[in-house]
Structure formats: structure tokens, C-alpha cells
Amino acid sequence: MTTRINRIAIVALGVIALSPGISPALASETAIGDTTVFASVPAPGHPFGVAVDRGRIYISTSAGDFFADPVHGGHPNSDGERIFVYDMSGRLVSTTSVPTMPNATMGLFGLAVDGNPTPSHKLYIADMNGRILRMGLDHDGTAPQLFAQTPPPLSSGGWMASMWNDLTFDPNGNLLMTDDKPRLWRVTPDGTPSIWFEDPRIAGYFGFAGGPLGGRIDPTGKYFYFTITISATLESLVYRLRLVDHPVATDLQLVHRFPVVPGEPLPQATGLAFAESGNMYISLIGTNQIAVLDPGGNEIRRISSPLFNSPWGLAFVGRSLLVTNADINPVESPNSWKVLKVFVGENGLVLNRPRT
């Protein structure tokens, strides 16, 4: 399958690419880019989404996608997906099984946490087969409940018609969500989804794949930033959209291009996270790197590690980033099912956690 070939990552570089003006000695002193294993992920593996909340780390899996099927040494979709919960030391404290939809070819990705007090505190989970699930955070093993679903006619076309990817709350309690197609969604607090924005400029190379994937609101609260994995020109792109009720074409702005470099794999941008400073951290599964952009959209650093294997989801914890190894390379590599901790030397932006 062409999409499979174009999204396969290669062996990562084992160095930190320094931005101009940063000496190797300074990089060593500050340890920017130091990468360690925070936690190992058990079967079914393939950690995708990551969220940090109240002393717990939440990890979603996507072992049931077509990169990890039994033909490639993976797990049958009937095995279902998981939400793994870790404490801040990386110890697994609970596991919730999430039944896979019939004939599913994708798994779970985006995670968002509300600001409700216990016991109404909830985790929201994007199922890339067209669902948002909601799970209580009392960790009693109860299966998540359906919160929202792709409306017809898109609901009948599977992930090739609509693939819900990343989740983030806006200040009003709406969930903003990327779709692998040229559209973005908004889901109201009562679970009603609607298309928030569409534009052919944000289409992926394949039309039905390669489009919007990671998404977050910036520190100003005025823009929703999102990544395009493989654009029409094979570049990866970062766009921003004005955070208004009814955005129009002129509200869309291109922020950054990750160009195609001859002889190197396509960059393939996935997850996105903001630091308090406004710096953006973007995972690149093609080159197995984390790119750092300043608030103006200029690239200032690349972080590489031999531990990276399709780095996907990003979330801040202290002055470090947690990075999930999606491991989308056939044949799968269980030794790579890790959540990594990368020191970046700055704190993450506090996400919106509304009471719903």
C-alpha cells in the first residue's frame, strides 16, 4: 500500500542537530535533547497518544491499525486497544481495554482531560475509526463510553472517509479535532460534532490520507495550530487557524514548511506541543526527530535519538517532553514500545482543562 510505504520511518540519527550559535559544549552542559526511557508499554503496544494530568500519565495504543496487522507480525484487531496509566515514575498502575470497532483498520490516538473535580473527572479518547470515547478517571477498569461519533454520510466510509486524530479543548469546553482529510472538527460539550473548517490547502498527498494530524492552541489563545503529515508537495506543513466560531479561508495561515530533502526520508510531521515560551515541538516520524520552532515558525533545533522509533505523541512533564514510539514499521518491534522522556529545558504550556 502506497500510504504504508510513505509513512515508514527509517533508522534515527544518533546526534542532536544544533541550531546556529549553539556550541557543542553548551549543548552538553544544558543536556538539551537527553533522551531516556520513561516507561515500557506492554502488548498490544504501539503507543500513540499521551496526556499528563494530576500525577498520572495516560497512553493510548494503535496496535489495530494496518501497520500492525498479523501479516506484519502484529496483533489482530479483535484484540482491542488499551489505555495505559502510569505514575510519574513510569510505573504502570492500571490498564483499561477498549474494544475495537468491527473491521477497524486504525486504533486510538488523541487524548484530552477535562477540569472536572473527582468523581466527574474524565479522559477523552480519539478513536481514529470515527469515535470519541469518554472514560472516568477513577481507574476502576470500566470501559470508556461513546461520547461522539462521525455523523452520516461520513460515518459509513470508515477511516478513508473521516479519521479523527488529535484532541484538544478550547476555553469554552469544545473539543477541537484534526481529521486526516482536509477538514477540522469541533465537538460541543454535549457530544455534538460538526465540521469547523474545510479547505483544499490542508489536504494530504493522497486525498484520503496525509492531512491534518497533530493540533494544539497556542499561548496567545488566538490560534489553533496543526500539522500536515504529507502535503500535495510531499512536504510536511504547519498551519494555524484563527480561533473563531466560523473561520473562513483568510483565517488560515501557513506557519512552516518541512521541505523534502533529496536522499532523505520525507519528514512526516505528526504530534505537536507548545512550551510556555511559544516554542513548538513537532515530531517527525520520517526522520525520527523532534523539530523545535520558535514562535515565529522558524526552526531553531532538531533533536534526534537512536531510541526514537516513529515518534508520535508529545506532552510536557516539567522541563521535559514525553514522546511515544508509535512503531509503525513492518515488521513491528516490541522492544521499541516505549514512552521516552526528552529534556528540552523549558516548561510546557498549560492546556485548557474546562469544566464540562
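Let's start with the rings: this predicted model holds 14 aromatic pairs. Rings of Phe, Tyr and Trp (its six-membered ring) pair if their centres lie within 6.5 Å; planes under 30 degrees apart are stacked, over 60 edge-to-face, the rest tilted.

Take Tyr 124 and Phe 147. Their ring centres are 5.1 Å apart and their planes stand at 80 degrees, so this pair is edge-to-face. Tyr 124 sits in strand 7 (residues 122–127) and Phe 147 in strand 9 (residues 145–149), so the pair ties together parts 23 residues apart in sequence. Strands here are DSSP runs of E, at least two residues, numbered from the N terminus. Both Tyr 124 and Phe 147 are buried, meaning under 20% relative accessible area; exposed is over 50%, partly exposed in between (1.4 Å probe, protein chains only).

Next, Trp 164 and Trp 185. The centres are 5.3 Å apart, the planes at 65 degrees, so this pair is edge-to-face too. Trp 164 belongs to strand 10 (residues 164–169) and Trp 185 to strand 12 (residues 183–187), so parts 21 residues apart in sequence are tied together. Trp 164 is buried, at 0% relative accessible area. Trp 185 is buried as well, at 1%.

One aromatic cluster is formed by Trp 196, Phe 224, Phe 226 and Tyr 239.

Now the charges. The structure holds 12 salt bridges (a side-chain nitrogen of Lys or Arg within 4 Å of a carboxyl oxygen of Asp or Glu).

Which side chain does Asp 166 meet in a salt bridge? Arg 216, at 3.1 Å, N to O. Asp 166 is in strand 10 and Arg 216 in strand 14, so the bridge ties together parts 50 residues apart in sequence. Asp 166 and Arg 216 are both buried.

Arg 186 and Asp 245 form another salt bridge, at 3.2 Å, N to O. Arg 186 lies in strand 12 and Asp 245 in the loop between strand 16 (236–242) and strand 17 (252–258), so parts 59 residues apart in sequence are tied together. Arg 186 counts as buried, at 16% relative accessibility. Asp 245 counts as partly exposed, at 48%.

Then there is Arg 201 with Asp 199, at 2.9 Å, N to O. Arg 201 is partly exposed at 40% relative accessibility, whereas Asp 199 is buried at 8%.

Two notes on method. Residues are numbered from 1 along each chain as its sequence is written, and side-chain values use heavy atoms, leaving out hydrogens and water. In this predicted model, local features need pLDDT of at least 70, side-chain atom pairs count only at pLDDT 80 or more, and totals for chains, interfaces and linings use all residues.

Methods. Helix = DSSP H or I, 4+ residues; strand = E, 2+ residues; numbered from the N terminus.
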